[in-house]
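Here are a few notes to go with your first look at this one. Keep the viewer open and find each part as you read.

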Amino acid sequence: MFSLPCWSFKDSPSNGHIARIIALFLLFLAPFAGISFLSGCAQVPVTGRSQLNLVPDSQLLAMSEQEYRKFLRKHRLCQDRAKVAMVKRVGRRISQAVERFLYENGQIDRIRGYKWEFNLVCGKEINAFCMPGGKVVVYSGLLPVARDENGLAVVLGHEIAHAVANHAAERLSQALLLQLGGDALSMLTGSYSPATRHLLMQLYGLGANVGVLLPYSRTQEYEADHLGLIFMAIAGYDPRGALDFWKRMMAAARNKPRPPELLSTHPSDRARLERIVQYLPEALSYYRRYLQEHGMKKRPVRRF
Ligand SMILES: [Zn+2]
């Protein structure tokens with residue numbers, strides 16, 4: 001195995017320039033050496049997994065912001081004030097807790113430039129997503145399945161975890177390397193082509209004619225479940241609610257011709273529940289710490 005010094009794309013001009021040169025060099029080598037040696041620098045919080053990231057943060061965040069605005073213009077925002085307030089409240093609590101957590105663990109750089117935003121969109125889809133930069137959408141069709149704030153915290157914890165763990169950049173990097181070597185170069189040199197934009201839209205199924213989502217890998221889904229349980233717990237939501245929530249999701253999926261996106265890339269319902277049971281003791285230790293710090297007072301759980 002090759003061993004390479006760590007590098008990342010930050011906005012400092014000197015570092016950025018060197019990183020680009022290294023990245024171009026790696027891109028040139030990748031077809032000959034395989035891409036596995038490229039990973040090993042960026043590390044996911046909590047799990048410590050090494051991941052590949054060739055996408056400059058500034059590019060990804062700018063693209064994400066643009067696509068998010070476009071998405072919001074094309075979709076109707078939910079007008080139910082109580083529901084909108086609940087979605088924003090749960091989102092704010094989790095994102096603030098996550099910021100504190102990353103700061104205390106010296107990993108606040110992971111979300112530099114993030115501006116959290118939580119919007120509730122009208123639609124029957126049982127779905128939610130969080131784009132890079134902290135841009136979150138919840139479909140109103142998810143709320144009956146979430147049932148209450150704790151159920152929504154399971155989903156938002158999971159989606160925020162995808163963003164904090166930089167899964168989109170990882171998928172985009174892999175896709176660019178495997179399918180669009182030339183386009184990866186254009187991205188590294190500070191521009192992105194319609195093909196790169198199309199890939200980002202595929203990540204979130206945003207385009208009207210995109211249709212197919214680039215799936216998160218199984219590893220990323222388990223990782224989002226793992227981090228998500230911890231993120232909801234540090235915000236004061238009981239992670240044990242995750243088991244019931246995912247069972248409700250699975251039951252809701254049985255009545256649908258296509259599984260909801262939140263479930264579509266998981267290997268099996270049983271395997272997911274088993275993993276969640278494994279992650280729970282760690283998440284519960286964070287939840288207990290939260291309760292101790294707040295005089296053992298549980299959050300009131302409002303129903304949708
Ligand atoms: Zn997911």
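The points below go through a sheet, the helices on it, a helix pair and one serine.

1. First, bear in mind that this is a predicted model. Start with the open sheet: it has three strands in the order 3-5-4, and their pairing is mixed. Strand 3 (117-121) and strand 4 (128-131) sit at the edges, each pairing on one side only. From one strand to the next, the twist averages 15°.

2. Now look at how strand 3 and strand 5 line up: they pair in the parallel sense, over five bridges. To find one of them, pick N119, whose bridge partner in strand 5 is V137. Helix 2 (residues 57-74) packs on this sheet and touches strand 3, strand 4 and strand 5, with its direction at about 30° to that of strand 5. Helix 5 packs on the sheet as well, touching strand 4 and strand 5, and makes about 30° with the direction of strand 4.

3. Helix 5 (residues 149-164) also meets helix 9 (residues 218-234): their axes come within 7 Å and cross at roughly 120°. The two helices are therefore oblique to each other, and the crossing is right-handed. Residues making the contact include G157 and A161 of helix 5, with G228 and F231 of helix 9. By type, the contact residues split into ten nonpolar, four polar and one charged.

4. Beyond its close sequence neighbours, S140 is in contact with C78, L120, V121, C122 and G123. C122 is 18 residues from S140 in sequence, yet their C-alpha atoms are 5.2 Å apart.

Definitions and conventions
Residues numbered from 1 in each chain as written. Predicted model: local features only at pLDDT ≥ 70, side-chain atom pairs only at ≥ 80, totals over all residues. Axes fitted to C-alpha atoms, helices over the stretch in contact; angles between N-to-C directions. Helix = DSSP H or I, 4+ residues; strand = E, 2+ residues; numbered from the N terminus. Parallel < 35°, antiparallel > 145°, perpendicular 65-115°, else oblique. Left-handed = near helix turned anticlockwise from the far one by under 90°. Contact = placed C-beta atoms within 7 Å. Nonpolar A, V, L, I, M, F, W, Y, C, P; charged D, E, K, R; others polar. Pairing = 2+ DSSP bridges. Lists of a residue's contacts leave out its neighbours within four places in sequence.
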